[in-house]
Amino acid sequence: MTQNIQFQIESIAAELVEMLIAEYGWDIHRALDELYSSTTLAKLNDPECGLYYQGAVYIFQFLKSEIETGKVA
């Protein structure tokens, strides 16, 4: 994985944590735990998947669905 791709993934992850805090009112520790244990982040970290090309709002919909239903949409 290139440094550019890793930077994009880390930037999106930071935005996703902020969105989790805003959406659910969680503290940063809970938001990080949820994100880092999610299938959505695993897919985001897979360069072959290409999810890192998408915007954080788009990816957040997958994450939100996973949290609320237990499945990635």
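Mentor: Start with handedness, judged by which way the near helix is turned from the far one. In this predicted model, H1 and H4 cross in a right-handed sense.

Trainee: At what angle do H1 and H4 pack, and how far apart are their axes?

Mentor: The angle is about 55°, and the axes are 10 Å apart. Angles from 65 to 115 degrees would count as roughly perpendicular, and those under 35 as roughly parallel. H1 is therefore oblique to H4.

Trainee: Which residues of H1 and H4 meet?

Mentor: Read each side in turn. H1 brings Ile12, Glu15, Leu16, Met19, Leu20, Glu23 and Tyr24. H4 brings Ala56, Val57, Ile59, Phe60, Leu63, Lys64, Ile67 and Glu68. Then sort by class: the contact of H1 with H4 has 11 nonpolar, no polar and four charged residues.

Trainee: Now the other pair. How do the axes of H1 and H2 cross?

Mentor: H1 spans residues 3–24 and H2 spans residues 28–36. Their axes come within 9 Å and cross at roughly 125°. Roughly antiparallel needs an angle over 145 degrees, so H1 is oblique to H2. H1 passes H2 in a right-handed crossing.

Trainee: Which residues make the contact between H1 and H2?

Mentor: From H1, they are Ala13, Leu16, Val17, Leu20 and Ile21. From H2, they are Ile28, Ala31, Leu32 and Leu35. By class, this contact of H1 with H2 has nine nonpolar, no polar and no charged residues.

Trainee: What is leucine 16 in contact with, leaving aside its neighbours within four places in sequence?

Mentor: Leucine 16 is in contact with Leu35, Leu44, Ala56, Ile59, Phe60 and Leu63, with those neighbours left aside.

Trainee: And threonine 40: buried or exposed?

Mentor: Check relative accessibility against the cut-off. Buried means under 20%. Threonine 40 has 2%, so it counts as buried. Threonine 40 lies in helix H3. Leaving aside neighbours within four places in sequence, threonine 40 is in contact with Leu51, Ile59, Phe62, Leu63, Glu66 and Val72.

Definitions and conventions:
Residues numbered from 1 in each chain as written. Predicted model: local features only at pLDDT ≥ 70, side-chain atom pairs only at ≥ 80, totals over all residues. Heavy atoms only, no water. Axes fitted to C-alpha atoms, helices over the stretch in contact; angles between N-to-C directions. Helix = DSSP H or I, 4+ residues; strand = E, 2+ residues; numbered from the N terminus. Contact = heavy atoms within 4.5 Å. Nonpolar A, V, L, I, M, F, W, Y, C, P; charged D, E, K, R; others polar. Buried < 20%, exposed > 50% of the residue type's maximum accessible area, 1.4 Å probe, protein only.
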